[in-house]
Amino acid sequence: MCRELVHSFGGAVATSTLLGVPLGHNSSFLEGPAFAPPFIRDAIWCASANSTTEEGKDLADLRVLVDVGDIPVQEIRDCGIEDERLMKVVSDSVKIVMDELDSHDVYIRFHDPLRPLVLGGDHSISYPIVRAISEKLGGQVDILHFDAHPDLYDAFEGNYYSHASSFARIMEGGYARRLLQAIFYSLIFLSINKEGREQAKKFGVEQYEMRHFSKDRPFLENLVLNSIKWSI
């Protein structure tokens, strides 16, 4: 139905697509991120704001932004699917939504791939998402990562796919050309520990911490503004 409706409006010219990944079992603490996608959607379409961008595009127009729903993560896990295969499902799903579907149900590449806006989900999904984008585009990508933690543990608490190990998997796989991490944490506790710093050095990760914020602020502000500009 969605495809027919888009074509009735004159064809798909969307640049971005929403995909939900309700996965939370790789979190070492609370698994609430598994319930997040519908709440994020509610916030996106909240009546307190409108859906028009600065360029005059209406995100409510299916030709601009397409929402393809959620990956049925829990149903897949209920079938006994382990994380290695589940991560492949996430990667394959991201690749699919980056394609443009023509009226004959054939995936084509006449235009640039759609930009996937993925709604998580704990941070373990970062790995299959980045892997998919890198493989789809045919090369390494640059990543700007905002977090309170670097997520570079080799296998946090023995979990290879832990939410705290996602960027270790990304860097091991060679999917990132450059990883810049803006680590915003309390100056009193929860800073980058020894393993996080060793892993960053091993993989050549550029880390910017709160303690150096005043010095790095001009660079980070310029980086953020340009990232937002090129992501729209």
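1. Start with helix α4, residues 83–98. This helix lies across β1, β2 and β5. Its direction makes an angle of about 160 degrees with β1. Keep in mind that the model is predicted.

2. Now the sheet under discussion. Three strands form an open sheet, in the order β2-β1-β5. The pairing is parallel. β2 (65–70) and β5 stand at the edges, and each has a single partner strand, so one side of each is left without a neighbour in the sheet. On average, neighbouring strands of this sheet are turned by 20 degrees against each other, direction ignored.

3. Look next at one pairing in detail. Strand β1 covers residues 16–21 and pairs with β5 over six bridges, in the parallel sense. Which residue of β5 is the bridge partner of glycine 20? The partner is leucine 119.

4. Stay with leucine 119. This residue is found in strand β5, residues 115–120. Is leucine 119 buried or exposed? Its relative accessibility is 8%, and buried means under 20%, so leucine 119 counts as buried. Neighbours within four places in sequence aside, leucine 119 is in contact with Leu18, Leu19, Gly20, Val21, Pro37, Ile40 and Arg41. Glycine 69 is 50 residues from leucine 119 in sequence, yet the two C-alpha atoms are 9.9 Å apart in space.

5. Turn to the nonpolar cores. In soluble globular proteins, nonpolar side chains tend to be buried together. The largest nonpolar core here has 17 residues. Ile143, Ile170, Met171 and Val205 touch the most other members. Two or more residues come from each of α5 (126–137), β6 (141–147), α6 (166–172), β7 (176–183) and α7 (194–203). α6 gives the largest share, four residues. A second, separate core has 15 residues, including Ile71, Ile81, Val90 and Met98.

6. What does isoleucine 143 contact, leaving aside its neighbours within four places in sequence? The residues are Val130, Phe167, Ile170, Ala176, Arg178, Leu179 and Leu180.

7. An α-helix has 3.6 residues a turn, so residues three or four places apart point the same way.

8. Check both ends of α7. At the start, a side-chain oxygen of asparagine 193 reaches to within 3.3 Å of the backbone nitrogen of glutamate 195. After the helix comes glycine 204. The phi of glycine 204 is positive, near 70 degrees.

9. Last, a loop residue. Where does serine 51 lie? Serine 51 is in the loop between α2 (36–44) and β2. Its relative accessible area is 19%, and the cut-off for buried is under 20%, so serine 51 is buried. The side chains of serine 51 and aspartate 58 are joined by a polar contact of 2.5 Å. Not counting residues up to four places away in sequence, serine 51 touches Trp45, Lys57, Asp58, Leu59 and Ala60.

Note on methods. Residues numbered from 1 in each chain as written. Predicted model: local features only at pLDDT ≥ 70, side-chain atom pairs only at ≥ 80, totals over all residues. Heavy atoms only, no water. Buried < 20%, exposed > 50% of the residue type's maximum accessible area, 1.4 Å probe, protein only. Contact = heavy atoms within 4.5 Å. Core = buried A, V, L, I, M, F, W, Y, C linked by side-chain atoms within 4.5 Å. Polar contact = N/O pair within 3.5 Å; in protein donor to acceptor, adjacent residues only side chain to side chain. Pairing = 2+ DSSP bridges. Axes fitted to C-alpha atoms, helices over the stretch in contact; angles between N-to-C directions.
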